[in-house]
Amino acid sequence: MANVVEIDLRGKPLILETGRFARQADGAVVARYGDTLVLATVVSKKEAKEDTDFFPLTIDYQEKAYAAGKIPGGFFKREGKPSEKEVLTSRLIDRPLRPLFPEGFYSETQGIVSVLSFGGENISDILGIIGTSAAFCISDIPFNGPIGAVRVGIVGDSFVLNPDLQEAEECDFTLVVAGTEEAVVMVEGWGLEIQEATLLEALDFAHKEIKRIVELQKELARIAGKPKRPVTPPVIDEALMASVSDLSLERIKEAVNIPDKLRRQEALDNILKDVIEALNRGEEDISRDISFIFNKLERDHVRNMILQKGIRVDGRRPDEIRPIDCEVGILPRAHGSALFVRGETQCLAAVTLGTSEDEQLIDALEGESKKTFMLHYNFPPFSVGEVKPLRAPGRREIGHGMLAERALKAMCPKKEDFPYTIRVVSDILESNGSSSMATVCGASLALMDAGVPIKAHVAGIAMGLIKEAQGTVILTDILGLEDHLGDMDFKVTGTERGITAFQMDVKISGVSREVMSKALEQARQGRLYILRKMSEVIAQPRKTLATHAPRIFTMQIKPEKIRDIIGTGGKVIRGIIEETGVKIDIEDTGLIKIASVDEASAKKAMNIINGIVAEPEVGKLYMGKVKRIVDFGAFVEILPGVEGLLHISQIANRRILRVSDELKVGQEILVKVIEIDSMGRIRLSKKEAAGGVRRETYRRR
């Protein structure tokens, strides 16, 4: 028997249903809003994974082509590997859920979100968060939820709840917000520059609606929920705790103050190895318990040092930024390049400019679209001193790349103003935290180096949080260790004028408005400092493109002339390309883009096209070719496919008996257009052309 609950959300019912689909899953909920319907299922193994001290959670979001009444494209007519959107949405659902499972619950757990019907509501990802949270709530899987989620569109000073696909196009800034009844736990947003105060208001607006969605899930759990499995939290043996502390605490205090990341980690690993060798001598292997205690000692010491002394492991104050070094133009063949270094994090960014042939075609449930700006993030294992096989980009790489892409996209020129396809590649050469934010900075520098007319520099900074009963400290420009041991990862990107992208994940139950306000202001101060450092290296986009970059020239013709440019079977356009060596792209509107690394070749192609599409004008001179001779004159081609009549009386200033005495087929002669009648027929004169009138001739190819 199905159980259904619903609330009204902006004039439409948000419906949660369980008991009809996927009844063998531990929890299954269908979430529906308008014509969009997703099935969220959760399953967890009954036994914990052996030798595991973390929660192995996997969330997979998948879109079914039939949901939008489509058949998958390509050779294989079925869904293949996850698209970029599916990967990003899987991460979006995972991030707010992961912190809300109890400590000590280590059973392998999987959530699958399947889009079964797709309307224009632009809400399948939001329903994925809500549906998965509800599925955990009604299951026997321990979960400290529920979680609600909404999308908020910002248009000027107004907020739009869950904007649909059409409304989203009009939004200046878009936010996805997830939270519990008490606080916000995850935020992701991007768009035009907005102020910190506006962002905080949008979060307040979102949280009011989230509370209603949380209550809806609680109602469903009251109706259809199962008793939760018991969870035994980790119990620390006091005697073992004392032994590990005696052997390691003083050495840990010395090790964490080593400024070099690799040396610090090596020292900590050696201390742990020594402690395990000293204490793990009985029949029972207690190395896992020793590691747990050791990590707790390290965590507590680092956090207490920050809370009590205001000093971080690398000696910085909480609001201090690591040393920054910037350099541009370091790759001779790239169209733009930059090296951005912040502490032990190093990003090499390279820009490539292409034509419309290089645009990325995206086939999604929303329909087909094209991308002209792409940013790809790579995190090779050597950047952290590791040995790993190289594989296709993982979820983390795709997520970091998209965050940086969204941060910069609003500052990039429109296609009409800069008709290039732009690809930025960020290779992380060294990493000790905040590599995604280094990518934003490096990419901004590289774009200016390439001559891309971006509106302003964009910088990114990652913020952290240490929150205990004795106090709260916000950290600017966090290290990898501070990210691992802290309570929040809070990334903010923007210009001097405002925020362009924003991402927050917390490991605790949420953060207050006061903490978020302070973190945003601290991030703003840090961002402005970084922007000044970047502007010292390059403050404005270069006026000219790199030598090896293609030059794209545009021209507009009448749409009805397109067929003349293409010719039968593409003969004409192929001939132009072969003769000039350029690339030509023609849009249905008659906009022609000509790309070439050689400006002279592009100009030559433009002249040829102008000749083809030119229309005859009365009073102009043309170098024409005699095509046919008749008794009363000759037909002369003055433009490709355009002929006019040269009457026998207009050939010379004397009487002519036979046209063939004066002209031959194939002969090129100078003629003047003397009349174009209402039917478009053209009359020419050779004798008037000889009178020295201004010469604007059509030169044949």
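**Figure 1. Secondary structure and overall dimensions of the predicted model.** The protein is built from 15 helices and 29 strands, where helices (H or I, at least four residues) and strands (E, at least two) are DSSP runs numbered from the N terminus. Its radius of gyration of 34 Å is well over the 27 Å that the globule rule gives for 701 residues, so the protein is more spread out than a compact globule; the radius is taken over C-alpha atoms, and the rule is 2.2 Å times the number of residues to the power 0.38. Along the principal axes, the C-alpha atoms fill a box of roughly 125 × 60 × 50 Å. Of the 701 residues, 52% are buried, with buried meaning under 20% relative accessible area, exposed over 50%, and partly exposed in between (1.4 Å probe, protein chains only). This is a predicted model, in which local features need pLDDT of at least 70 and side-chain atom pairs count only at pLDDT 80 or more, while totals for chains, interfaces and linings use all residues. Residues are numbered from 1 along each chain as its sequence is written, and side-chain values use heavy atoms, with hydrogens and water left out.

**Figure 2. The aromatic pair of Phe 159 and Phe 205.** A search of the whole structure finds nine aromatic pairs, counted where ring centres of Phe, Tyr and Trp (its six-membered ring) lie within 6.5 Å, with planes under 30 degrees apart called stacked, over 60 edge-to-face and the rest tilted. Phe 159 and Phe 205 form a tilted pair, at 5.6 Å centre to centre and 40° between the planes. The pair links distant parts of the chain, since Phe 159 belongs to strand β8 (residues 158-161) and Phe 205 to helix α4 (residues 196-224), 46 residues apart. Phe 159 counts as partly exposed at 23% relative accessibility, and Phe 205 likewise counts as partly exposed, at 25%.

**Figure 3. Tyr 377, Phe 379 and the charged end of Arg 396.** The rings of Tyr 377 and Phe 379 are stacked because their planes stand at 15°, with the centres 6.3 Å apart. Tyr 377 counts as buried, at 3% relative accessibility. Over the ring of Phe 379 sits the charged end of Arg 396, 4.3 Å from the ring centre, the criterion being NZ of Lys or CZ of Arg within 6 Å of the centre and within 35 degrees of the ring normal.

**Figure 4. Arg 406 over the face of Trp 190.** Arg 406 lies over the face of Trp 190, at 3.7 Å from the ring centre.

**Figure 5. An aromatic cluster.** Phe 55, Phe 101, Phe 105, Phe 136 and Phe 143 together form one aromatic cluster.
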